[in-house]
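Visitor: Please take me closely through one part of this model. I would like to see how its residues pack and pair.

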Amino acid sequence: MTRIVLPLMLLAVVGFSGLRDLAADVLLIEEVRQAGQMPVPTNGNRKEQVKARYGEPVRIHAPVGDPPITRWDYDRWSVYFEYDRVLSTVLHRGAVLDRREG
């Protein structure tokens, strides 16, 4: 009897963990899809355009390096500037999930 039960239990555990991974993959894909729809600063925008549309950042970091790279932190993302232009916008971890809940 244990020869049959033990392999069935192992198969069930492995099967359920595979389902959990599949659910995590689906959640990640949905998060990436929603992230693409979030209104965030786009590359090439100027600092004054970002401030006019999104308001004052929560924190402004001092420029670093040459060319100078500046980071502005907002609640759900950070904006990186090279001189006066948006270089990249990076979502904070969980920003999309928080958006969905709120």
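**Around the strands**

Guide: Ile60 has a relative accessible area of 46%, so the residue is partly exposed. (Buried means under 20% relative accessible area, exposed over 50%, and partly exposed in between, with a 1.4 Å probe and protein chains only.) The model is predicted: local features need pLDDT of at least 70, side-chain atom pairs count only at pLDDT 80 or more, and totals for chains, interfaces and linings use all residues. Residues are numbered from 1 along each chain as its sequence is written, and side-chain values use heavy atoms, leaving out hydrogens and water.

Ile60 belongs to strand β1. (Strands, E, at least two residues, and helices, H or I, at least four, are DSSP runs numbered from the N terminus.) Beyond four places in sequence, Ile60 touches Thr70, Arg71 and Trp72. (Contact means heavy atoms within 4.5 Å.) Ile60 and Arg71 are 11 residues apart in sequence, yet their C-alpha atoms are 6.1 Å apart in space.

Next comes His61. This residue sits in the loop between β1 (59–60) and β2. His61 is buried because its relative accessible area is 16%. Its side chain makes a polar contact of 2.7 Å with the side chain of Arg71. Another, of 2.6 Å, joins the side chains of His61 and Asp73. (A polar contact is a pair of N or O atoms within 3.5 Å; within protein, one must be able to donate a hydrogen and the other to accept it, and residues adjacent in sequence count only if both atoms are side-chain atoms.) Leaving aside neighbours within four places, His61 is in contact with Thr70, Arg71 and Asp73.

Thr70 lies in strand β2, residues 69–73. At a relative accessible area of 5%, Thr70 is buried. Neighbours within four places aside, its contacts include Ile60, His61, Val79 and Phe81.

Not counting residues up to four places away, Phe81 touches residues including Lys47, Val50, Thr70, Trp72 and Val86. The charged end of Lys47 sits over the Phe81 ring, 5.5 Å from its centre. (That needs NZ of Lys or CZ of Arg within 6 Å of the ring centre and within 35 degrees of the ring normal.)

The largest nonpolar core has 8 residues: Val50, Tyr54, Trp72, Tyr74, Trp77, Val79, Phe81 and Val86. (Such a core is a set of buried Ala, Val, Leu, Ile, Met, Phe, Trp, Tyr and Cys residues joined through side-chain atoms within 4.5 Å.) Two or more residues come from each of α2 (47–54) and β3 (77–82). β3 gives the largest share, 3 residues.

Now the rings. There are 3 aromatic pairs. (Rings of Phe, Tyr and Trp, its six-membered ring, pair if their centres lie within 6.5 Å; planes under 30 degrees apart are stacked, over 60 edge-to-face, the rest tilted.) Tyr54 and Trp77 have ring centres 5.5 Å apart and planes at 85 degrees, so they pair edge-to-face. Tyr54 is in helix α2 and Trp77 in strand β3, so the pair ties together parts 23 residues apart in sequence. Both Tyr54 and Trp77 are buried. With Tyr74, they form one aromatic cluster.

Last, Arg85, in strand β4 (residues 85–91). Its relative accessibility is 37%, so Arg85 counts as partly exposed. A polar atom of its side chain lies 2.6 Å from the backbone oxygen of Gly44. Not counting residues up to four places away, Arg85 touches Gly44, Asn45, Arg46 and Tyr80.
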